[in-house]
Amino acid sequence: MGLEVIREFNLQHWDPREAIEPTSPQELTLESGKVLYFPMLPFELKPQESRFLSEHWSDGKTKNISYRGEDAPLQGAQGTADDLLELKAMMARFSHQARQLIEGLFPAYQQGLKEGFTSFRPARVEGRKTSWRKDDTRLHIDSFPSNPTGGKRLLRVFSNLNPAGLPRVWRIGEPFLPHAQRFFPEAQAPIPYKAWLMEQIRLTKTRRTDYDHYMGQLHDLGKKDLVYQETSPQQRFEFPPGTTWVVFSDQVLHAAIGGQFMLEQTFKLPPEHLVNPAAGPLAILEALAGRPLIS
Ligand code: SIN
Ligand code: FE
C-alpha cells in the first residue's frame, strides 16, 4: 500500500477560504477515507504558552486534558487558577481555529457541524500501559463505549506541537469497507433491551443505536486480533511538529505509536450532511446487516 491515503495541501492559514479552490470538493476526498495533511499549518503558541508543553499540567488521572467550552472547567488538568485560565485560552484558540479550518474546507458541512471536545495530549505515547481496549497503539476506528454517536460522524483535527522535533507517528490501516467485511461476520448481534438498560444505569450518555453497537464491535474485534494488527495492509506515517491533519476517525483505521504534545478537536456531523453518504460507515454497515441501524 502506498501513501495514497495521505492528501497533502500547502495551506498556510487556518482560514482557508481564499487559499483553496472553491471548485474542488474536499468533502469527497475526506469522505473517501483520506487523511488531509497540512504540513505548513502549525498551531502557533504564544511565548508564554510554551510552558504548557510539559506533562506536569496533567492531573495524572486521565491521559488527556479536555476543554469543553467557555463555561466548563478544564478536565484532567492541574495548576494554579491563573495557569489553568491561560491553558484554557490556548485550547479555546485551537478550537476556534480548527472550526475555521473545517468550515472553510468543507462548506457542505457548515450547517450540520456540532462541536465536540478539544483535547490536549501532553503524555508520551510510547510506554503507556493500558488495557487492550484503550490501547490506541493498536489499529482501530474510533468508537467510544459510553458516548454513542447515533450515526453522527467523528471528524477530527490534529496538530503536533512537539518542541523537540518529535513527530506524531501513526499507523494507518486498510479502508473501512474491507475492514468491515472482515470483522462484521464475527460481530455479535445487539442484545434486545441492552441499549435501553445501559442508558438507564448511565453506562452510556444517550441511547446506543445498533450502529453504535456494530462500530464498537469493529473497534474491539480489530484491536483484539494481534494477527490482524501485524499483517493487515497498513502504512506508517510521521506527522512532524508544526503540522496539522484532518480525518474522519470513525472511518480511517489509525494507531498512534509515537510522539508527545498534540492538540485535537472533535466535531460531530449528522450523516445527512455528508456529500456521499454511501461511502460512510453507516451505509456500509447497513448493507452488511441488511437493515437500517439507526432509528
Ligand atoms: C487516537 O485517536 O487513536 C490517537 C491519536 C493520537 O493520539 O495521535
Ligand atoms: Fe483513535
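Because the model is predicted, local features need pLDDT of at least 70 and side-chain atom pairs count only at pLDDT 80 or more, while totals for chains, interfaces and linings use all residues. On bookkeeping, residues are numbered from 1 along each chain as its sequence is written, chains are lettered from A and ligands numbered from 1 in the order in which they are written, and side-chain values use heavy atoms, with hydrogens and water left out.

Let's begin with the metal. The iron ion (ligand 2) is held by His-140 (NE2), Asp-142 (OD) and His-254 (NE2), at 2.1 to 2.2 Å. Donors here are N, O and S atoms within 2.8 Å of the metal (3.2 Å for Na, K and Ca), and with water not among the atoms, sites may look incomplete. Along the chain, the donors of the iron ion (ligand 2) are spaced as H-x1-D-x111-H. Asp-142 sits in the loop between strand 4 (114–121) and strand 5 (153–160) and His-254 in strand 9 (residues 254–258), so this pair ties together parts that are 112 residues apart in sequence. Strands and helices are DSSP runs numbered from the N terminus (E, at least two residues, for strands; H or I, at least four, for helices). Both Asp-142 and His-254 are buried, where buried means under 20% relative accessible area, exposed over 50%, and partly exposed in between (1.4 Å probe, protein chains only).

With 0% relative accessibility, Gln-265 counts as buried. Its side chain makes a polar contact of 2.5 Å with that of Thr-118, and a polar atom of the Gln-265 side chain lies 3.1 Å from the backbone oxygen of Gly-116. A polar contact is a pair of N or O atoms within 3.5 Å; within protein, one must be able to donate a hydrogen and the other to accept it, and residues adjacent in sequence count only if both atoms are side-chain atoms. Beyond four places in sequence, Gln-265 touches residues including Phe-94, Phe-117 and Val-157, with contact meaning heavy atoms within 4.5 Å.

Thr-118 also turns up beside Ser-66, whose contacts beyond four places in sequence include Phe-117 and Met-91 as well. Ser-66 belongs to strand 3 (residues 65–67) and is buried at 9% relative accessibility. Its side chain pairs with that of Arg-68 in a polar contact of 2.9 Å.

Phe-261, in the loop between strand 9 and strand 10 (262–269), has a positive phi of about 75 degrees although it is not a glycine. Arg-202, in the loop between helix 4 (194–200) and helix 5, has a positive phi too, near 60 degrees. Phe-261 is buried at 7% relative accessible area, whereas Arg-202 is exposed at 74%.

Last, the helices. The axes of helix 3 (residues 176–183) and helix 5 (residues 210–224) come within 10 Å and cross at roughly 85 degrees. That makes helix 3 roughly perpendicular to helix 5. Axes are lines fitted to C-alpha atoms, for helices over the stretch in contact, with angles running from 0 to 180 degrees between N-to-C directions; 65 to 115 degrees counts as roughly perpendicular, under 35 as roughly parallel, over 145 as roughly antiparallel and the rest as oblique. Among the residues that meet are Phe-183 from helix 3 and Leu-221 from helix 5. Leu-221 is buried at 15% relative accessible area, and its contacts beyond four places in sequence are Phe-183, Glu-186 and Ala-187.
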